[in-house]
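Have the picture ready as you read.

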Amino acid sequence: QSNVQIYGVVDVGYNRSSSSDTGTFKSRNALDSGLQNGSRIGFRGTEDLGNGLKASFVLEYDIGVDTGAGLAGPSRQSFLALSNAYGTVAAGRQYTPQYELVSKVDPFGAGTVGDVTFGKGVYLMGAWAAPGTIRLDNLLAYVSPSFSGFNVIAGYTANGIGDEESPLKAALGNDVKVWAINPNYSNGPLFVGLNYHQVKSEAPLSGGVRDYKDKVWDLGATYDFGMVKLSALYGQLKSTEDGVVDSKTKQWMLGASVPVGSAGAALVSYSRQTTDYGGGWSDEKASKWAVGYTHALSKRTNLYAVYAKIKTNDAADGWYSVENPANNDYTSGLNLGVSHSF
Amino acid sequence: QSNVQIYGVVDVGYNRSSSSDTGTFKSRNALDSGLQNGSRIGFRGTEDLGNGLKASFVLEYDIGVDTGAGLAGPSRQSFLALSNAYGTVAAGRQYTPQYELVSKVDPFGAGTVGDVTFGKGVYLMGAWAAPGTIRLDNLLAYVSPSFSGFNVIAGYTANGIGDEESPLKAALGNDVKVWAINPNYSNGPLFVGLNYHQVKSEAPLSGGVRDYKDKVWDLGATYDFGMVKLSALYGQLKSTEDGVVDSKTKQWMLGASVPVGSAGAALVSYSRQTTDYGGGWSDEKASKWAVGYTHALSKRTNLYAVYAKIKTNDAADGWYSVENPANNDYTSGLNLGVSHSF
Amino acid sequence: QSNVQIYGVVDVGYNRSSSSDTGTFKSRNALDSGLQNGSRIGFRGTEDLGNGLKASFVLEYDIGVDTGAGLAGPSRQSFLALSNAYGTVAAGRQYTPQYELVSKVDPFGAGTVGDVTFGKGVYLMGAWAAPGTIRLDNLLAYVSPSFSGFNVIAGYTANGIGDEESPLKAALGNDVKVWAINPNYSNGPLFVGLNYHQVKSEAPLSGGVRDYKDKVWDLGATYDFGMVKLSALYGQLKSTEDGVVDSKTKQWMLGASVPVGSAGAALVSYSRQTTDYGGGWSDEKASKWAVGYTHALSKRTNLYAVYAKIKTNDAADGWYSVENPANNDYTSGLNLGVSHSF
């Protein structure tokens, strides 16, 4: 049927994680899924409605090739969009404008152990209380057309992390409201993008009493010299909440991608993050470097090899990892794998 | 491949719910999925087996566009069917004959906040102990061919709400057995349908001791005058169980759908329900009116706007809602959205 | 799109289970899903990478037609493979070589109540501590090309039952390591296959202290005389663990399949299993016979009727079942159903 296209990625490889930051864990050697590109199955389609109006949708679900996790969701993306000459309005679960920017600037594309974003890297995303958030529920987004290489993405959600509640009159609201704006400029070899977003919640999100709030901005750029494509990223994240001291994070990344022959690319990045908690607490510092190589067997299939190393100061010990830091605290990681798109 | 067709719906919109019946909740303003037509992904196919025999199947799963709920099930429908000149036998999880009738008569098609069925409306479905049941597990159904506009649907399940148990010799059976019959007549602008079903369980379903039983019938009709299509529905539900007083519900709906131009339709309905619990308890009364407008952008895509209001007497306070009453008790609702089929 | 093919099975039928071995349960009469062939939805594809190299994948999920269970996983199979003239390497969740052998030799194809494998039958699979295991997570497998009818399958997984852990330095590892080798020979009407596998875990798996280990081998053969295809299977399973007595299982099956006309086949099997626990415990003994008939309505759709009966000695009472023995202990079963592939 022509109304829907099925697509996806099957990515599997060898994943070695070692150097437990707190000394708690032995090395982990595993066959893992989605190391470079999240393994997924997706459904998408477009309908021409006439008068320059189009409807389109994306429904995309994570799968786990190694242990067989299925299409239970939450989705990677699920939205309906209407587009015309004045731009696109999309509603549903979508990537944050911040992630769209950062993953475009990161030479590793925010994939593999070389990923700059928190979860495998040190660049905090979304909100201080949930530093790995890259997707928002209930997001209403607007994407402008491109004017001479310039476009804008803007979005708002009444609750970015779950269904909007039926709020009790007698209690603080738990919904996490987010708005974001992301202007971008592309011109030949140059790309520059800015992200600004705010996160707000009445109920406490990080150990305080009420009125949690983040203000976040990120500036990223890439320039393709042909022989090498350079990347730079700088960001700040300020977090406040009644009853806890304010925190302020500064973070940056420098990266490069070098074509090798017609099918290969060498990748490298260095990133750094400092969080100042004020109130006499020590600053938390973390840095990461990553080197990798990717080789295309075809347009749809490629091999990859990436090594990365994280360093933290004492205050940040155990908080960063080349794998999901909720489970462990490995500071050294190696990925060797195959990614196949369909 | 020609053996299977993928289809689905992506429906997303603004949903405002207000007027908490018990005064407990603030208004809810949300981006929600499936307001008019449940967002879904489905797989279906047909095979010609020769000699007039056909095999066919439907496998259809709810998805949540707003927060990304995936294809985990339970399914909306999942069955295998064999058909020939004598009719169709289908086995699996299927809509109740009652829902097939009611959703056909309801001008809102049992979608949006205008929906007449319990869950968003006041018309109790299925059984008194589970008044929103519209699908049955393990259903064996027969659908007759149409003879001069007349056909019959009949069905039986040994357990409509979960897998049939391995019953312990020493305990009451928990399976909920249901049988149903649904004769229909269509002739030009006229449609008339009758539903009768019984629900039985050895183990208590509604606070009693044992031998739960419902007897339910519904009579529905529509007549299309061209300028307007009128709808009428009347039903009764009697519930008995050892150790609890019997209850008796009477319910009805009147509705109309008016074409506006070639792409629009104005919709209106009024419905009412009274449950008599006997034994000195006050009758529970609820009514609902709904108005809406739907506008087709194409055969596959439409916009909708619907407003509805529920009224309850004191005995029914907090029991009905324009949203799922398990979570809240809003009596006033507004839906503005887009539904896209693929 | 040509990069992916959707396929599946919808199998539904009547399932009667009776003769509770311990006398605890009444008979169960149910409409069940996947009696002969597990109901499923799958996605697969192949890409020619040039130079004789191919990439391919399979992503296949169980579904439940009767009660609507969806594609949540764990998958039936999910792997990525690279193939050339020297064979195929596949990585992901896959069937065990043992199951590939046994299901090929079993006249019932390890389906219906006639299934020889533990779960519905008496032939223990995988490990003594998890006697129904037929799939392994994180499996890296190699399948050789066929040389004059001879080929070999070999596989290894660092954890066959879940994601590889981040092992704590201070504790025993919980990963269940498995390696397997499976040489096969096919020549005209003859097929012979051997399976050997080992299962190892540092942490206790069966009530002992540490160092759980299984050594398992199986020898199977079929010969197709045209009028009848005969099957034979013999296997041993030795299990050891510090702190528990060693156990040794011997098991075998004889079976036959007889074509009836151009579309039918009569099936029969008898299987037997004895486990010696040593240390003064009585041997556990179980046997099963099964008879069935399958009739093709087309290449994609068939009807089936199978009856099976299990016998156990006192030591094995309640441990075997024609249904999942985790839930009950029925020794007598009947399946009547339809299986439709798409």
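Here we look at the symmetry, then one interface, then some charged pairs.

This is a predicted model, where local features need pLDDT of at least 70, side-chain atom pairs count only at pLDDT 80 or more, and totals for chains, interfaces and linings use all residues. Residues are numbered from 1 along each chain as its sequence is written, chains are lettered from A and ligands numbered from 1 in the order in which they are written, and side-chain values use heavy atoms, with hydrogens and water left out.

**Symmetry**

Turn chain A by 120°, shift it 0.0 Å along the axis, and it lands on chain B with an RMSD of 0.0 Å. That is the relation of a three-fold axis. In chain A, the C-alpha nearest this axis belongs to A:Ala72, at 2.6 Å. The superposition is by least squares on the C-alpha atoms of residues with pLDDT of at least 70 in both copies.

Do the copies meet through the same or different surfaces? They meet through different surfaces, because only 11% of the interface residues of chain A are also interface residues in chain B.

**Where chain B meets chain C**

The contact (heavy atoms within 4.5 Å) takes 38 residues from chain B and 36 residues from chain C. Together the two chains bury about 3,000 Å², with 64% of it on carbon and sulfur atoms. Buried area here is the accessible area (1.4 Å probe) that two parts lose on being put together, summed over both.

There are also 16 residue pairs in polar contact across this interface, both residues at pLDDT 80 or more. A polar contact is a pair of N or O atoms within 3.5 Å; within protein, one must be able to donate a hydrogen and the other to accept it, and residues adjacent in sequence count only if both atoms are side-chain atoms. Which strand of chain B gives the most to the side that touches chain C? Strand 4 does, with five residues. (Strands are DSSP runs of E, at least two residues, numbered from the N terminus.)

**Charged pairs**

Side chains of opposite charge can pair when their charged atoms come close. A salt bridge means a side-chain nitrogen of Lys or Arg within 4 Å of a carboxyl oxygen of Asp or Glu. The structure holds 27 of them over all chains, and two are between chain B and chain C. Here are some examples:

| Salt bridge | Closest N to O |
|---|---|
| B:Asp163 and C:Arg28 | 3.2 Å |
| B:Arg93 and B:Asp137 | 2.7 Å |
| C:Arg210 and C:Asp211 | 3.3 Å |

C:Glu164 sits in the loop between strand 8 (150–157) and strand 9 (177–187) of chain C, and A:Arg28 in strand 2 (residues 28–33) of chain A, so this pair joins two chains. C:Glu164 is buried at 4% relative accessibility, and A:Arg28 is buried at 3%. For these labels, buried means under 20% relative accessible area, exposed over 50%, and partly exposed in between (1.4 Å probe, protein chains only).

B:Arg93 in strand 6 and B:Asp137 in strand 7 of chain B are 44 residues apart, so to speak distant parts of the chain linked by one pair. B:Arg93 is buried at 11% and B:Asp137 at 5%. By contrast, C:Arg210 is partly exposed at 31%, and C:Asp211 is partly exposed at 36%.

Finally, salt bridges that share partners tie A:Arg28, A:Asp32, A:Glu323, C:Asp163 and C:Glu164 into one network.

Technical notes
Helix = DSSP H or I, 4+ residues; strand = E, 2+ residues; numbered from the N terminus.
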